[in-house]
Amino acid sequence: MRLAILIITGSFIMFSTFLIYATSIYLKDLQYRAADRSAVELHSLYSTTPINAITEREIYTSLYDNQKFVLFTMSGEEVYRWPSKDQSYNVPREQIINPDFYPMEINDKKYIVKTVMIESEYWNGYIAIIHPMQEYYTILQMIIIIATIIAFMSISVTSVISYFISGQMVRPIYRFTKQLQYVENNGFSERLDLRTNLSEIDYMVVSFNKMMDTLEESFNQQKQFVEDASHELRTPLQIVQGHLNLINRWGKNDKAVLEESLQISIDEMGRITKLIEELLELTKNENKQKLVLEPIDLNNEIISRVNAMRQLHPSYTFTTDLKDDLYYAISQHQFEQILVIFLDNAVKYDNKNKSIHIVSKQMSNKIKIEISDKGVGIPKEEVNKVFDRFYRVDKSRSRELGGNGLGLSIAKKIIEANGGNVYITSKINEGTTIHIEFPLK
């Protein structure tokens, strides 16, 4: 606020100074012209009229604004002055022959003197016009006083208005800052609750709350990820440790205990290895940069993966409905990985009907692949959560099925990194369909 007032004050002073200066030049020029005009008229009068024929009335009518007039000979002797009774001043001879204006002070009043030489058959000599400047200085002084009063009033009014306006602006910012400190002290769960008359501040509040929602969600996901990862690693490590202790106590002498404990330990270490590999894969996909890839035949890759799944799961029925020649620029290894994850997931959760159907087709602006099973399905409230890391719908069967809950997250990251989209539709006890979409380029 102080800076604004200072800028306004400085600008007003500069403008007023310039205005007063320009006005003073203009007014002074008017005074000089008035003296010049009188000098020209009297010069004409004395050049064309015999001196004894010139009347005081003619002299008076040639003078303006209380001017004085003095007539000199060529030698500088004063011959006549008007008003004749005014003897309060003398014009020095050196000034008489000076054709320029020069200042004079009479009884503490300021004048300017204009002299003109006359050379005619009627008179040879000089005339001096003494023009009063009091009116000029009075008007100039009045302008300065008025400008000062206006400046004082303007600055005062501006200061008062600026104080209230800045108060209106600063108070919401102060409240905003206090609430930020409160949020900082109380964590992610707090939000700004502030309403002002300033749209900018309100927009900042809304944006901040959205940012905090995103940060809280990200923080909670990371926290859940660490907790789940710790849990997933702790359980197999505890199992391995327990069986190693068992081997240390009994396995040296009991071959059956030794073989069983070693096999369980090997299985659990395999589970740990798989978990770490999936975590690394997920991290790699998160940091993946886009590559320039050649289009691959998606239908050929689907047929290849389905044939492999038939060999691995001969009791399952795999059917396909592959339309058009579908090509998309994606790493062949990554596309195989996507298919393996979704097909393997369908097999795990459809152990009753054991029927899996794959559809591919080209739509107006995208390629769509659907993988459907007739398994247990997913509750509606959990459909949007299945792509979260370590999330499993049936937690009681997760270890039994051998999953770590990372496969779907990995698949989603790969699809999105390649410009695609994936979502799930499902009904309890009717089955689940994975919808994979890639845009046509």
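Gln31 is buried, with a relative accessible area of 12% (buried means under 20% relative accessible area, exposed over 50%, and partly exposed in between, with a 1.4 Å probe and protein chains only). This is a predicted model, so local features need pLDDT of at least 70 and side-chain atom pairs count only at pLDDT 80 or more, while totals for chains, interfaces and linings use all residues. Residues are numbered from 1 along each chain as its sequence is written, and side-chain values use heavy atoms, with hydrogens and water left out.

Gln31 sits in helix 1, which covers residues 2-48. Leaving aside residues up to four places away in sequence, Gln31 touches Ile112, His131, Pro132, Met133 and Tyr136; contact here means heavy atoms within 4.5 Å.

As for the whole protein, there are ten helices and twelve strands (DSSP runs numbered from the N terminus: H or I of at least four residues for helices, E of at least two for strands). Of its 441 residues, 38% count as buried. Among contacts with a separation of 6 or more, 63% come from residues 24 or more positions apart.

Five strands make up an open sheet in the order 7-9-10-12-11, with mixed pairing; two strands pair if DSSP finds at least two bridges between them. Strand 7 (317-322) and strand 11 (421-427) are the edges, each pairing on one side only. On average, neighbouring strands are turned by 15 degrees against each other, direction ignored (axes are lines fitted to C-alpha atoms, for helices over the stretch in contact, and angles run from 0 to 180 degrees between N-to-C directions). Strand 9 (residues 355-362) and strand 10 (residues 366-373) run antiparallel and are joined by seven bridges. Ile358 has Ile371 of strand 10 as its bridge partner. Helix 8 packs on this sheet, touching strands 7, 9, 10, 11 and 12 (431-439), and its direction makes about 30 degrees with that of strand 10.

Helix 8 (residues 332-348) also packs against helix 10 (residues 407-417), at an angle of about 145 degrees and with the axes 9 Å apart. Helix 8 contributes Gln334, Gln337, Ile338, Ile341, Phe342 and Asn345 to the contact, and helix 10 contributes Gly407, Leu408, Ile410, Ala411, Ile414 and Ile415. By class, that makes eight nonpolar, four polar and no charged residues (Ala, Val, Leu, Ile, Met, Phe, Trp, Tyr, Cys and Pro count as nonpolar, Asp, Glu, Lys and Arg as charged, and the others, Gly among them, as polar).
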